[in-house]
Each structure stands twice: as structure tokens, then as C-alpha cells.
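Hello,

I am handing over the structure below.

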Amino acid sequence: MRFYLIGAGVINRTHAEAIYKIEGEEVIEIKVADPNPAALASFAERFPQVTTFTDAKEMLNEEPREDDIVIVGTPPFTHFPLSRMALESGRHTLCEKPLVMNREEAEALLEIAKANNRMLGCCSVRFLQVPKTDEVKRILNSGELGDVYKISFVFRGQRGRPGIEHQPESRWFLDKSKAAGGIVMDWGPYDFTLLNDMLQPVSVEVASAWTAKPETDIDPKDVVYDIEGHVGAMLKFQQASGKSVWVQYERASCTHGEPYYTVEIEGTNGAVKWSPYFETDQVLVKSDKNGEVITNENTIPYEGQIGYMDHPIHFFYQKVKGQQSPAVVNEQAVFNFLCLQSIYDAAASQQAVVLRRK
Ligand SMILES: NC(=O)c1ccc[n+]([C@@H]2O[C@H](COP(=O)([O-])OP(=O)(O)OC[C@H]3O[C@@H](n4cnc5c(N)ncnc54)[C@H](O)[C@@H]3O)[C@@H](O)[C@H]2O)c1
């Protein structure tokens, strides 16, 4: 089984580790391409069994096999041309988040995947199939919350900007023409992959949205820094049954306000609160007893050899092998990306934007 990694930076090291955890393949071959000799050398030092290339095109030149997988782990402005090259080389392609830079690229890439009869996946699936979230999905679908009318999805960090507080060596995160955006494009892919997985909407309406760029004393002045650090939106998720759920969405990688997170689903008979991410494994279910709120507390840890960080690779591998998998590919990958684009569109136009599933 052959994996072709484009990019030898931070995330493709994580993906290489995940590839070596795949069971059931006798021989796993990894090739990696990066034009930066320093990145390539330190990648090869960590994974001496890989074959290195300075040019991705040259790496993909050999005859494709049916189950070859390319992983695009480079900055977002390169995702479209590199994923196109990978798909046109006749290989299934798993691209890092955000999938691409804009709507035009998203739609064009889907056409290229279809024309080449290959799958296009996105790495935004990291937090799917996690036991605590699966339990929340079970509760949501069981009807025990009554008529579900609202979700609060709020993650506010005071200082957590990639390119400044995290990974300061990767300044491209701060430049919209390279990163596609700020916190919307950095964490939004995970948030909307989760929300779309849980709610299965036929359409998503961004009723209103805003973005802001809070400033700090350590903001870099020597590089382009034009991405937002804080976003808010009110969204309506319309389901096939005709039912709709409002989602109050907020994300900050920089705010001078209080840091906190709240992910809570509210229905007419109860509410459930949890973190789909790293903060806690607690699932709190609230309901009424004799006019009082009662809370049922459950802790559901995620154990085992395969962790969150391994999910994108393992799910896509399962999908390519025709196995049951929560991997997000093709139309769904593009729909998830377009939700993010729609937030920007609504914030810029100050008008509602409706995105329908084709
Ligand atoms: N760092 C993280 O924790 C993290 C987590 C999840 C997702 N991601 C996503 O992964 C992607 C890459 O992020 P990163 O943190 O690994 O960046 P990085 O800056 O650490 O590495 C990017 C690498 O891509 C290489 N590159 C650029 N153009 C190339 C090309 N044409 N061909 C081959 N290589 C090329 C660069 O030389 C660099 O080594 C981004 O889309 C990011 O949003 C990163």
C-alpha cells in the first residue's frame, strides 16, 4: 500500500505516524515531497524509511495503483493545484483543512475528482466517531430531549493564534491570501464537519455573521497579518423532515473578553452539554424532575491505540478499501467547506446566505 505525502511540515508528520499504525497491510510505503530541503531532511531523520522528493510532480510520476492515497499537507493556497495534480495522477486524495481557498476552487475540485473517478477527502473528520460525541448523537436521535430547537457552539480562546502563539515559524497562517482565512478556516472545518454530521441538514442558512480582528502588543508588523481572530454567526440548519435547528456559533483564537466554551444542545424536554474536543470527557444531560433541573453526569473517555489525530488517515483508508467509514468525501467535503465560505459571504454582505445540498 502506497502513501504519497505532499508537504513535510508539522501535520504530515502526524499523518505519517497514523499511517504506520494501520493494521492489515504487510508493506506500507511512504513517499514525501517538499521543496524545502530543511523540512525534508528533518522529516527523513524522523522517518528514515520514507523516500523523499523535492518535487511532488516527480513523486507522482509512477504508474498509479487502485488503492494509492495522496495526502496534501501544505498551506491552503496550494491545496487546489496540488490536489488537482494528485487526482489527475489517478490517485485518491486526502487534503488538509481548509479544503481550498474559495467556492470556485471547491466546485472545480469536485468535478476533477469525478472526472478521474477518484475520491477527494478532507482531514476535517478528526473529531468524528468519538465515543462521547457518539453518545450525544444517540441522545439527540432518541427523542429524549423533546423538540430540539437550539445549539450553542461557542469556543472562545484569548490567545491561540497559529502563526503567533502556536507554530510561530509558520507565518503563512496570518496571511489570508495563503491561509484562506483565520479562525473560521482554522477550526471551522472541524466544527461544521461535526454539526453537519449530527444534524444532516438539507440546507444551512447563515442568517447573520460578523468577524473581527482583535489586536495585541505582539502582533507581527513584518509580515501580512490580515485574518480574523474572532467570528460569530447565527445559523439555521434545515433537516429533511422539515424541522430546523438554530445554531449560535462563536469562535475566537484572540479576544480580550473572557475565555470559555459551551457546546450545548437544547430541546423542549432536556439539554445535553459536552466538549467534542479536548476539554473534557464529561457528558451532562439535564432534564426536569418535579419542577427542578436534574443533571445526569457521565464520563466517556476515548481509549485505545488510535487517537483523534489518526482519524483522517484511518477513516480515508477504510473508505478507499470499501470498508464502513465516517470519512467525508466529494460532495459532503465540498458542502462542509462551503458552510465556512457562507459565513464570510454573510459577514461581508450583511445579508443572509442560504446553502443548499445538491
Ligand atoms: N499544524 C497543525 O497542527 C495542523 C493541524 C491540522 C491541520 N493543519 C493543516 O495542515 C496544512 C499544513 O499545515 P502545517 O502546520 O503542516 O504547515 P507547515 O508550515 O508546518 O508545513 C507546510 C509544508 O508544506 C510545504 N510546501 C509548500 N508548498 C509545497 C509544494 N508545492 N509541494 C510540497 N510541499 C510544499 C512547505 O515547504 C512546508 O514544509 C494546513 O492546511 C493546516 O491548516 C495543520
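This is a predicted model: local features need pLDDT of at least 70, side-chain atom pairs count only at pLDDT 80 or more; totals for chains, interfaces and linings use all residues.

Residues are numbered from 1 along each chain as its sequence is written, and side-chain values use heavy atoms, with hydrogens and water left out.

According to an unreviewed UniProt entry, residues 135–272 carry the feature "domain: GFO/IDH/MocA-like oxidoreductase"; such annotations may be inferred rather than shown by experiment, and positions are in the numbering used here, with feature names shortened. The span is 20% helix and 37% strand, and its end C-alpha atoms lie 10 Å apart. Helices (H or I, at least four residues) and strands (E, at least two) are DSSP runs, numbered from the N terminus.

Strand β8 (residues 201–212) runs antiparallel to β9 (residues 230–239), with ten bridges between them; pairing requires at least two DSSP bridges. Here A209 is opposite A233. β8 is also antiparallel to β15 (residues 353–356), through four bridges, and V206 is opposite V353.

Helices α4 (residues 79–88) and α5 (residues 103–115) pack at about 10°, with axes 9 Å apart. Axes are lines fitted to C-alpha atoms over the stretch in contact, and angles run from 0 to 180 degrees between N-to-C directions. α4 is therefore roughly parallel to α5 (angles under 35 degrees). The contact (heavy atoms within 4.5 Å) includes F80 and L87 of α4 and L109 and I112 of α5.

Regards

Conventions: Angles under 35 degrees count as roughly parallel, over 145 as roughly antiparallel, 65 to 115 as roughly perpendicular and the rest as oblique.
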